[in-house]
Amino acid sequence: MTNAPTTHETPAPTADKATRPGEPTRFADATAGVKLAIYEYGDSDRPTVLFVHGYPDDHSVWEPVIALTAGDFHVVTYDVRGTGASGQPAKRGGYAMSQLRDDLATVISLTSPDSPVHLVAHDWGSIQSWAAVSDSAFANKLASFTSVSGPGLDMAGAWLRRGHRHPRKFARQLVDSWYIVAFQLPFLPELLVRRGVVEKMVSRSENIGVPTDRQIPSGRRSRRDAINGIGLYRANFRHLLTPRPTRAVCPVQVLAPTDDAHVTVPLGLEAPKPFVDRLCTHAIPGNHWVVEQNPTLITTLVTEFISTITQQDEDSR
């Protein structure tokens with residue numbers, strides 16, 4: 001792992017615990033001059049659960065789950081660099097996987113310095129978390145990892161290379177991933193964001209299977225965040241082309257929504273298998289944004305997994 005800078009924190013101008021949505025507890029200095037906005041809920045003496053959001057969201061996508069978990073855990077989340085109240089790097093390299101991994105280390109060191117955390121992540125939050133979960137430097141920092149709709153890029157690349165073994169699954173995933181290639185182009189992705197095309201695409205995928213009277217309108221996400229997040233795809237695409245997957249350092253649970261328009265169930269469930277010693281997988285009902293739409297299901301699966309892992313670890317001592 002890249003050596004993280006000395007960790008500094010700046011208290012937010014609000015209370016020392018985030019009690020209302022959108023209020024950072026504190027800011028942390030990260031690499032490339034970026035400050036990360038961190039949010040904490042619940043009793044800090046309880047086990048820590050750390051939630052990481054994906055693209056093009058910010059930490060608020062986890063608020064429905066946080067509302068259900070903060071009574072039992074010390075809950076932490078943060079705005080990934082380039083989103084929400086966090087700062088943004090000046091160059092594409094500021095979104096590289098090593099930078100994202102160091103951000104996670106910084107947040108853990110500030111919010112749970114003495115105990116490993118239970119990591120829960122969605123979409124790009126999960127993709128970047130796999131880089132930490134597969135890094136031996138995090139062996140004592142992570143108690144478990146729950147991944148939702150975000151396979152590790154190196155693991156996904158290895159799975160795609162084995163496409164001849166599962167040609168139909170391979171072809172379906174390539175169709176669903178067309179935008180990843182499009183995001184490598186200069187200027188066009190930013191133009192599509194400014195014209196609202198990307199938000200409409202996201203809106204369609206998050207309303208798959210949702211009754212008409214409960215569908216979420218487009219236009220609620222930040223275009224600044226969406227443009228910044230394109231850097232995630234451009235800075236890390238090589239991991240798909242030249243994968244070098246390594247083994248996970250903690251137990252892993254993978255949740256694969258059956259109506260996910262971006263990550264197929266076969267990729268989500270099969271890609272990690274060769275690289276995780278203690279793996280639990282579930283195909284679950286819902287679309288790509290199930291973390292926001294069915295927080296009860298996500299909370300139940302996360303808490304049950306944490307309970308099981310905790311009991312197994314105690315029994316092995």
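I first looked up a network of salt bridges, which links Asp57, Glu199, Glu206, Arg220, Arg221 and Glu292. I counted a salt bridge where a side-chain nitrogen of Lys or Arg lies within 4 Å of a carboxyl oxygen of Asp or Glu. The model is predicted: local features need pLDDT of at least 70, side-chain atom pairs count only at pLDDT 80 or more, and totals for chains, interfaces and linings use all residues. Residues are numbered from 1 along each chain as its sequence is written, and side-chain values use heavy atoms, with hydrogens and water left out.

**Entry 1: salt bridges**

By this rule I find 15 salt bridges. Side chains of opposite charge can pair when their charged atoms come close.

I took helices (H or I, at least four residues) and strands (E, at least two) as DSSP runs, numbered from the N terminus. For exposure I used relative accessible area (1.4 Å probe, protein chains only): buried is under 20%, exposed is over 50%, and partly exposed is in between. Arg221 is buried at 11%, and Glu206 is buried at 0%.

I next noted the salt bridge of Asp135 with Arg101, at 3.6 Å, N to O. Asp135 sits in the loop between helix 3 (124–133) and strand 7 (142–148), and Arg101 in helix 2 (residues 97–111), 34 residues apart. Asp135 is buried at 8%, and Arg101 is buried at 16%.

I also recorded Lys35 with Asp29, their closest N and O atoms being 2.4 Å apart. Here Lys35 is partly exposed at 36%, and Asp29 is partly exposed at 24%.

**Entry 2: cysteines**

I searched for disulfides, meaning pairs of cysteine sulfur atoms within 2.5 Å, and the count is zero. The sulfur of Cys250 has its closest cysteine sulfur in Cys280, 13 Å away, so the two are too far apart for a bond. Cys250 is buried at 7% relative accessibility, whereas Cys280 is partly exposed at 24%.

**Entry 3: helix 13**

I checked the length of helix 13 (residues 295–316), which has 22 residues. The expected span is 1.5 Å times one less than the number of residues. I listed its buried residues as Pro295, Ile298, Thr299, Leu301, Val302, Phe305, Ile306 and Ile309.
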